[in-house]
Amino acid sequence: MLEAKDEVFQVLRDAIAEKREELDDERRIWSKENWAFETCFNNRPTEFSRQGVLKTFRLMERAEKCNGLEREIKKIEAAVKEYFIEEIPQRVKMTELLVDDARDTPCEEVAQQFGVKLKRSGRQLSGCCPLHQENTPSFFIDPTKNVWYCMGCHKGGDSIKLVEELRQCNFVDAVKYLTT
Ligand SMILES: [Zn+2]
């Protein structure tokens, strides 16, 4: 969905660039004609006749065209702005979903990936802590709450925290690790 929106955004940006070029061209013609007209008018004021009136109309038309183009550009720019207002919360929402996804990874799955042998003890799972050296298990996982705790090194948390500790990485990298 985001890719499709990025495409729309690209189309809008291209449209703005195109309109700006058109506007620049119009302005160039307009100033050139205006200059020619003024020169002619200043040099021969008595000849400001039918031809002069027509020329004035053409210049007015050009000015109107420039205004029209400016209005069009403003409209497209407003659309781009709206796109961003809509777009950003969507990206935030996606990030939240990604974090939820990562957090839903069972802690036992993560621990096993890092070589922890787990045994069931009541409602919990236990094993030797992968974060400190030990021979008697003090690493516990509560699968119903999907949290872990070590009685030896007093560390604990969710599956993201477990990856942070095991890989010595930050939160973002842990989420990436769990979702890719
Ligand atoms: Zn420990």
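The chain divides into domain 1 (2–103) and domain 2 (107–179), with bounds that come from an automatic or database domain assignment. The C-alpha centres of domain 1 and domain 2 lie 58 Å apart. This is a predicted model, in which local features need pLDDT of at least 70 and side-chain atom pairs count only at pLDDT 80 or more, while totals for chains, interfaces and linings use all residues. Residues are numbered from 1 along each chain as its sequence is written.

**Contact between the domains**

- Across the boundary, 5 residues of domain 1 are in contact with 6 residues of domain 2, where contact means that the C-beta atoms, placed from the backbone, lie within 7 Å.
- On the side of domain 1 that touches domain 2, the residues divide into 3 nonpolar, no polar and 2 charged; Ala, Val, Leu, Ile, Met, Phe, Trp, Tyr, Cys and Pro count as nonpolar, Asp, Glu, Lys and Arg as charged, and the others, Gly among them, as polar.

**The sheet**

- Strands (E, at least two residues) and helices (H or I, at least four residues) are DSSP runs numbered from the N terminus, and two strands pair if DSSP finds at least two bridges between them.
- Strands β2 and β3 run antiparallel and are joined by 3 bridges, and Leu125 has Ile141 in β3 as its bridge partner.
- Between β3 and β4, which also run antiparallel, there are 4 bridges, and here Ile141 stands opposite Trp148 in β4.
- The hairpin of β3 and β4 has 4 residues between the strands, and in this hairpin Asn146 takes a positive phi near 55°.
- The antiparallel pairing of β4 with β5 extends over 2 bridges, and Trp148 stands opposite Gly157 in β5.

**Cys129 and its surroundings**

- Cys129 is found in the loop between β2 (124–127) and β3 (139–142).
- Because Cys129 has 23 C-beta neighbours inside 10 Å, this residue counts as buried; the cut-off is 20 or more other C-beta atoms within 10 Å of a residue's own, whereas 12 or fewer make a residue exposed and counts in between make it partly exposed.
- Leaving aside residues up to four places away in sequence, Cys129 touches Glu134, Ser138, Phe139, Cys150, Gly152 and Cys153.
- Glu82 stands 47 residues from Cys129 along the chain, and their C-alpha atoms are separated by 51 Å.

**Helices α4 and α5**

- The axes of α4 (residues 159–167) and α5 (residues 171–179) come within 9 Å and cross at roughly 105°, axes being lines fitted to C-alpha atoms, for helices over the stretch in contact, with angles from 0 to 180 degrees between N-to-C directions.
- The two helices, α4 and α5, are therefore roughly perpendicular to each other, a term for angles of 65 to 115 degrees, while angles under 35 count as roughly parallel, over 145 as roughly antiparallel and the rest as oblique.
- Ser159, Ile160, Val163, Glu164 and Arg167 in α4 meet Phe171, Ala174, Val175, Tyr177 and Leu178 in α5, and by class this contact has 7 nonpolar, 1 polar and 2 charged residues.
- Within α4, the residues Ser159, Ile160, Leu162, Val163 and Glu165 are buried, and what covers the buried residues of α4 includes α2 (50–103), α3 (107–113), β4 (147–150), β5 (156–157) and α5.
- After α4 comes Gln168, whose phi is positive, near 55°.

Definitions and conventions:
Contact = placed C-beta atoms within 7 Å.
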